Amino acid sequence: MPNVITKDPATMPVIRIENVRKTYKMGDNEVHALRGVDLVAERGEMIAIMGASGSGKSTLMNMLGCLDTPTSGSYWLDGIRVDGLSRNQLADLRNQKLGFVFQGFNLLARTSALDNVELPLLYDRTGRWKDTKALAAEALRRVGLGERMDHHPSELSGGQQQRVAIARALVTQPTLLLADEPTGNLDSHMTVEIMSLFQELNDQGISIVLVTHEPDVAQYTKRIVEVRDGRIKTDHPVTDRHNAARDLRELLETEPEEDDAELVAEEAA
Amino acid sequence: MKSSVLVRIAGDSIRKNKMRTLLTMLGIVIGVGAVIIMVAVGQGAQKSIANQINALGTNLLVVTPGSSNAGGVSQGAGTFNRITVQDAEKLKSEGTLFAGVSPVVMTRTQVIAGGTNWRTLINGVSTDFQTIREWQLQSGTFFTDNDQRTMRKVAVIGNTVATNLYPGTDPVGAQLQIRNVPFTIVGVLATKGQNAGGQDQDDVVLVPYTTAQSRLAGNTRIGQVLVSALSPQDIPAAQDEVRAIMRESHRIPEGDDDDFTVRNQTEIANAAQGTTKIMTWLLASIASVSLIVGGIGIMNIMLVSVTERTREIGIRMAIGARGSDVLTQFLVESIVMSVLGGAVGLAVGVGGASVLAHFTGWSTAVPVQAVALAIGFSAAVGVFFGFYPARKAAALDPITALRYE
């Protein structure tokens, strides 16, 4: 593990965490959510963070997502030192470097898919995005929702809503895609569908970190990091990596009726 | 973030919650509407009082006896009556800026017609009186210069006198006893109604001042002289001319005080206007209370809305909204809502004022300043009462906000 950060951004790790600790005060008690975590993720990696609830994986995820700052230790995101940044700097960093996908989709209700996806571009302060509507439309086409841009979240299935959320995460061309239990609210079919999309995006070169407690889902990634009691317990590459696209084809062959029914239901909506 | 985008985001949010927006605006609508109606009624009252004062006769100057000064001891106003018919005649012959001059010899006495009697005001005036007061005749004619010169016993009576002494008949040509002197009625004045002081102006009998002095009052002193200037622009100059002629007539040495007073209508009007202005302000400030209540309504709904939209705020922050972006969004929302409410309230107020005018017969007027004030104030209400909820939203922790159910 190199101690000096290389100047060339292309060779810098996307994530570099050194001895990160996070302590919360709960009344008189101190809760140690993270007790010294080290982690390096290179460009193009696809990592699953696993762990039971209370293991500290959510805290780690918030830290990686620049929503929270460590009590001690250092964090570099794409070569930028994150710990010690102000609230506004963190907000700008989230906007420019990160894309979020949540378990509950977290789309704005009563707002079209297109407007939802456009939103992160509107909060940009660098002025680098010109035609925000066109960029949002392109991102929606990329996740296969080119036909449903004007639909509101309530008119979309869970899988489709998660696709909109992924499009929203992608539209700013982030360095890192963070997904917090992205398939937690989806059935097995849609789970494979979403994982297939993640694998496709990863193949296109996007670095992804996702939190999950489902081993099946973790098997679609390239590397599994297991967190327990605020420390990284195991960190190993996935040996038998599943191909979600192939699994999806198999699913369609074995249960075509169900899929048809779902398609009909989607069309009706 | 560009301000146009901010306004768009706030506008979207307002349109997507129509019911909430309407309820929020209601308080401001009522507040602004009430202020506009109250000011309109107050302004209407001011206008009608101004009209009543103008009805006394425009360009009017009133010359009344002033205080006399006996050996350095001021005797107070009216203590020594030094306005005479000669003064009035001098004003009439030497004045260059006067449309008319009329002395007024006032007596209050009982008048008798046939079997009925009536106590009324007898005014001995000149023929100019009719033009000075712009007083039309209902029937008959005004007395003539010839009547005045020859001290004929003729009278022009007011409407109240006519209806009380000669009910149902035209009194022109009838006899009227004033202090046992028989007068012939030559004309009846048109109704003028109450003056600004609430007195019935139609309860009056006009006779030539020459007749009044020789037959009724018995001396040459008169109560006041009415002078009308040629035009409103001439009033200050005419006032100076009256003073100059009067001083000359009274032989007042240079440096001594006037022993008479010249007042113009503006002064009288201002006094009356002042009273109604206070009333208008009183009404408007009572109505402003409802505007403040409306503002508190906005704050309440905005506060609830911040809680209700905690997750939305969390999402916005997660994808890169700064605290200031959220603050501005909520502030713009509240300003847009209150200004919109102010505009609707303005329409309600103007409409309400004209409906009120239609049904009550009060004249109403909506001044431009009131409109500007109402809109400005509602925007200020939006900023003031929107700031606290907006700051609360901006201070939210994104993690907590995202987890909020």
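Predicted model: local features only at pLDDT ≥ 70, side-chain atom pairs only at ≥ 80, totals over all residues.
Helix α12 of chain B, residues 368-394, has 27 residues and spans 38 Å from its first C-alpha to its last, close to the 39 Å expected at 1.5 Å a residue. The expected span here is 1.5 Å times one less than the number of residues.

Residues are numbered from 1 along each chain as its sequence is written, and chains are lettered from A and ligands numbered from 1 in the order in which they are written.

Back to α12(B), where the buried residues include B:A370, B:A374, B:F377, B:S378, B:V381, B:F385 and B:P389. Buried means that 20 or more other C-beta atoms lie within 10 Å of the residue's own; exposed means 12 or fewer, and partly exposed is in between, with C-beta atoms placed from the backbone. An α-helix has 3.6 residues a turn, so residues three or four places apart point the same way.

Zooming out, chain B comes to 13 helices and 12 strands. Of its 405 residues, 41% are buried. Among chain B contacts between residues at least 6 apart in sequence, 82% join residues at least 24 apart; a contact means C-beta atoms, placed from the backbone, within 7 Å. For a local example, take B:N159 in helix α6 (residues 159-165) of chain B. B:N159 counts as partly exposed because it has 19 C-beta neighbours inside 10 Å. Beyond residues up to four places away in sequence, B:N159 touches B:Q138, B:V188, B:L189, B:T191 and B:D202. B:N159 and B:Q201 are 42 residues apart in sequence, and their C-alpha atoms are 9.0 Å apart in space.

Now for the cores. A nonpolar core is a set of buried Ala, Val, Leu, Ile, Met, Phe, Trp, Tyr and Cys residues joined through C-beta atoms within 7 Å. The largest one has 125 residues, and the members touching the most others are A:I49, A:L140, A:A167, B:V35 and B:I36. Helix α2 of chain B (residues 18-55) gives the most to this core, with 14 residues. A second, separate core of 50 residues includes B:A155, B:I157, B:V207 and B:F260. As for A:I49, its contacts beyond four places in sequence are A:K57, A:L60, A:M61, A:V209, A:V211, A:V225 and A:V227.

Where the chains meet, 18 residues of chain A are in contact with 16 residues of chain B. On the chain A side, α2 (87-97) and α3 (113-122) each supply at least two residues, and α2(A) gives the most, with six. By class, that side of chain A has eight nonpolar, four polar and six charged residues. Here Ala, Val, Leu, Ile, Met, Phe, Trp, Tyr, Cys and Pro count as nonpolar, Asp, Glu, Lys and Arg as charged, and the others, Gly among them, as polar.

Chain A also has an open sheet of four strands in the order β2-β1-β4-β5, with antiparallel pairing; strands pair if DSSP finds at least two bridges between them. Its edge strands are β2 (29-41) and β5 (80-81), each pairing on one side only. Two bridges join β4(A), residues 72-77, to β5(A), and A:L77 has A:I80 as its bridge partner.

Elsewhere in chain A, six bridges join the antiparallel strands β9 (residues 223-228) and β10, with A:R223 partnered to A:P237. A:D229 counts as partly exposed, with 14 C-beta neighbours inside 10 Å.

Most residues other than glycine have a negative phi. A:C66 has a positive one too, near 60°, and sits in the loop between α1 (57-64) and β4 of chain A. A:C66 is buried, with 26 other C-beta atoms within 10 Å.

Key
Contact = placed C-beta atoms within 7 Å.
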